[in-house]
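Subject: Structure handover

Hi,

Here is the structure for you to look at. Please open it first, then read my notes below.

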Amino acid sequence: MDIKNLLERTNLKISLGKYLRIIEESYPSIGKVQEYFPILEGYEDANFILNTSNGKYVLKIFSKDRTEGNVNDYIKILKEASNIGVQSLELILNKEGALSSYFNTYAIITKYFDGQNYQDIKPSLKDMLLVAENVSKLNTLCLDVEESYDSWGNKNLVREYESTDVKDRDVVQEILPLVEFLKKQKLSLFSKGVIHGDMQRKHVLKNNEGICIIDYGCMSYDLKIYDLSTFLAWFCLAEDTWEDKDNIFSKVVQKYTELNKLTNEEIQLTKYLIASAYASYYLKTTSLIENGDNSKETLDWNCLSRLMFRKCKDWINL
């Protein structure tokens, strides 16, 4: 992927160079942009690292699929999360607040957190518990959020399965028992809060001073166990930690419930939602591959999600 393809996700109709001059005028505190680097991972917004005369920042240009309400809620959640001690990126303000609006193109600037994500680092149990504490804090927020539909999220597996265009019947049949199980669950009485929605290893940065949770693009107000299960699936219970899955599950749930009490039914369903997190990626990437997406990112996610879904099925005896 190149910058041109990245920007096609957005409503931006001018060159990135011209747009950066507008950003400099909107956010004078960042100084002059000297160089920039695209962040090519992911499937949603367009993100750039900016090296400027006053330091290092991150520019997020929101996807064309996001409404102004969703973007404003994204900013609101970043602010509120910071207020209650969730370790997140610091927003840079301009005269109008934090949002930059230019002909239906919405963007924000945050300080750059000089750290490394966990994609190539095996998190320790201590790391997992620290992040679990932050996720639990976030989930205590009770705010209306205009969400952007996440076709990759475990909470939407049933809907995505029912409308899937996947032609590989083996994949469809493999996921079916989980879908049928989830259809029978009564979720209306389960506890809700603001959830991150995509708590995976690349969305947590770490340095010697601490951690930073990034990318709230899949945020919503929904079941807390959607967030807990996604975090367990994509941050904690990877192939490199699977042998210790029962201990990790127990300790992370214990840490999480220090702030957010969960019923036995919620805790039990969390294991099935871990499987659902893997199944959602398995289904989505299979569809992308069948429709011609042979990018390394998609192929890697497909391989990993298939492997972890099968491990998880055995774990929960599905």
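The largest cavity has a volume of about 100 Å³. It is lined by 14 residues, and those closest to its centre are Asp 150, Gly 153, Lys 155, Ile 195 and Gly 197. This is a predicted model: local features need pLDDT of at least 70, side-chain atom pairs count only at pLDDT 80 or more, and totals for chains, interfaces and linings use all residues. Residues are numbered from 1 along each chain as its sequence is written, and side-chain values use heavy atoms, with hydrogens and water left out.

First, the terms. Rolling a probe the size of a water molecule over the atoms shows where empty space is left. The search uses a 1 Å grid over the protein atoms alone. A cavity is a set of points where a 1.4 Å probe fits but cannot get out. A pocket is an open set with protein on both sides within 12 Å along at least five of seven lines. Lining residues have an atom within 4 Å of a point. Grid points are joined across faces, edges and corners, and a volume is the space filled by probe spheres set on the points.

**Cavities**

How many cavities of 30 Å³ or more does a search of the whole structure find? It finds three. In the largest cavity, α7 gives the most to the lining, with three residues. (Helices are DSSP runs of H or I with at least four residues, strands are runs of E with at least two, and both are numbered from the N terminus.) The lining of the largest cavity divides into three nonpolar, seven polar and four charged residues. Here Ala, Val, Leu, Ile, Met, Phe, Trp, Tyr, Cys and Pro count as nonpolar, Asp, Glu, Lys and Arg as charged, and the others, Gly among them, as polar.

The second largest cavity has a volume of about 60 Å³. Its lining residues include Asp 150, Gly 153, Trp 234 and Tyr 281. Both α7 and α9 (264-290) supply at least two residues each. By class, this lining has four nonpolar, four polar and two charged residues.

**Pockets**

The largest pocket holds about 880 Å³ of space. Its lining has 43 residues, with Ile 39, Lys 202, His 203, Ile 214 and Asp 215 nearest the centre. Which element gives the most to this lining? It is β5, with four residues. The classes are 21 nonpolar, 11 polar and 11 charged.

The second largest pocket has a volume of about 410 Å³. It is lined by 21 residues, and the closest to its centre are Tyr 118, Gln 119, Arg 201, Trp 301 and Leu 304. Helix α10 (296-316) gives the most to that lining, with five residues.

Look next at the open sheet of three strands, in the order β6-β8-β9, with antiparallel pairing. Two strands pair if DSSP finds at least two bridges between them. The edge strands are β6 and β9 (210-213), and each pairs on one side only. Two bridges join β6 to β8 (residues 204-207). In β8, Lys 206 is the bridge partner of Gln 116.

Best wishes
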